[in-house]
Amino acid sequence: MARFTRIEVAQKMKEVGIVPVYYHPSPEVCWDVLYACYQAGVRVFEFTNRGDNADKVFDHLVQKIPQFAPEMILGIGSIVDAVTAGIYIQKGADFIVCPILNEDIAKICNRRKIAWSPGCGTVSEISKAEELGAEVVKIFPGLQVGGPEFVKAVKGPMPWSSIMPTGGVQPTFEDLDAWFKSGVHCVGLGSQLMDKQLIAKRDYNALKAKIEDVVSIANQCLAEKNGYALV
């Protein structure tokens, strides 16, 4: 079962500001990438259900996290049906992320009080997701939907909405600053954060250093957004 409550998931997403999104068919590579993220200060990680036997890779992560990365909140992404959501909930997923809005997934997550972030592309979908119990709503693909200006426009009439853009978010100060100033809850970062060359070379120290830089940028952006200075 989940190690963290849905409220703890939402709070930690907001606190850290970034959620790495990653998949690799090798359990060992996935663990090394997750651990590099953990050492860099990341505390919420989305493993994506995108390949054959992805559930076996997920099992490997679930088994190692309590001992070696106890504060890491592990979720599963790319979930498009309730059956698959149920499988991963049973395996210990702390949260479920979807590219679509699916009411059946909402029901199974709410029944088990699992955090659920559906993919939305319109204001009506965001509102519907919130009606269905989503605390943090994913906008996907973030850049193509409208980028920071879309979030800013949504937050005008719906300031209570907690939004996580995924897709097209760049790990630079300029881009992250624009997203956080628009009012996002946090951002999802995939291929732009996970350097394929470093991973291919198994240079996890360099990967950790890169992710640390992005975490630092996110902290700076959050500080500026909230009106306080980092010491």
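How many cavities of 30 Å³ or more does a search of the whole structure find? The search finds one. Here a cavity is a set of points, on a 1 Å grid over the protein atoms alone, where a 1.4 Å probe fits but cannot get out.

Before we look around, a word on the basis: this is a predicted model, where local features need pLDDT of at least 70, side-chain atom pairs count only at pLDDT 80 or more, and totals for chains, interfaces and linings use all residues. Residues are numbered from 1 along each chain as its sequence is written, and side-chain values use heavy atoms, with hydrogens and water left out.

**Cavity and pocket**

The largest cavity holds about 40 Å³ of space, a volume being the space filled by probe spheres set on the points. Its lining (residues with an atom within 4 Å of a point) consists of R6, V9, A10, M13, A115, W116, S117, E135 and V136. Two elements, α1 (6–16) and β5 (115–117), each give two or more residues to this lining, and α1 gives the most, with four.

The largest pocket has a volume of about 480 Å³. A pocket is an open set of points with protein on both sides within 12 Å along at least five of seven lines. Among the 23 residues lining the largest pocket, V21, R50, L189, G190 and S191 are the closest to its centre. β1 (18–22), β2 (44–48), β9 (187–189) and α10 (196–200) are the elements that give two or more residues to the lining.

The table sorts both linings by class (Ala, Val, Leu, Ile, Met, Phe, Trp, Tyr, Cys and Pro nonpolar; Asp, Glu, Lys and Arg charged; the others, Gly among them, polar).

| Lining | Residues by class |
|---|---|
| Largest cavity | six nonpolar, one polar, two charged residues |
| Largest pocket | nine nonpolar, 10 polar, four charged residues |

**Helix pairs**

The axes of α2 (residues 27–39) and α11 (residues 204–226) come within 8 Å and cross at roughly 45°. That makes α2 oblique to α11, and the crossing is right-handed. On the α2 side, V29, D32, V33, A36, C37 and Q39 make the contact (heavy atoms within 4.5 Å), meeting Y204, L207, K208, I211 and E212 of α11.

For α8 (residues 147–155) and α9 (residues 173–182), the axes also come within 8 Å, crossing at roughly 10°. α8 is therefore roughly parallel to α9, a term for angles under 35 degrees. G147, P148, V151, K152 and K155 of α8 touch A178, W179 and S182 of α9.

Notes
Axes fitted to C-alpha atoms, helices over the stretch in contact; angles between N-to-C directions. Parallel < 35°, antiparallel > 145°, perpendicular 65-115°, else oblique. Left-handed = near helix turned anticlockwise from the far one by under 90°.
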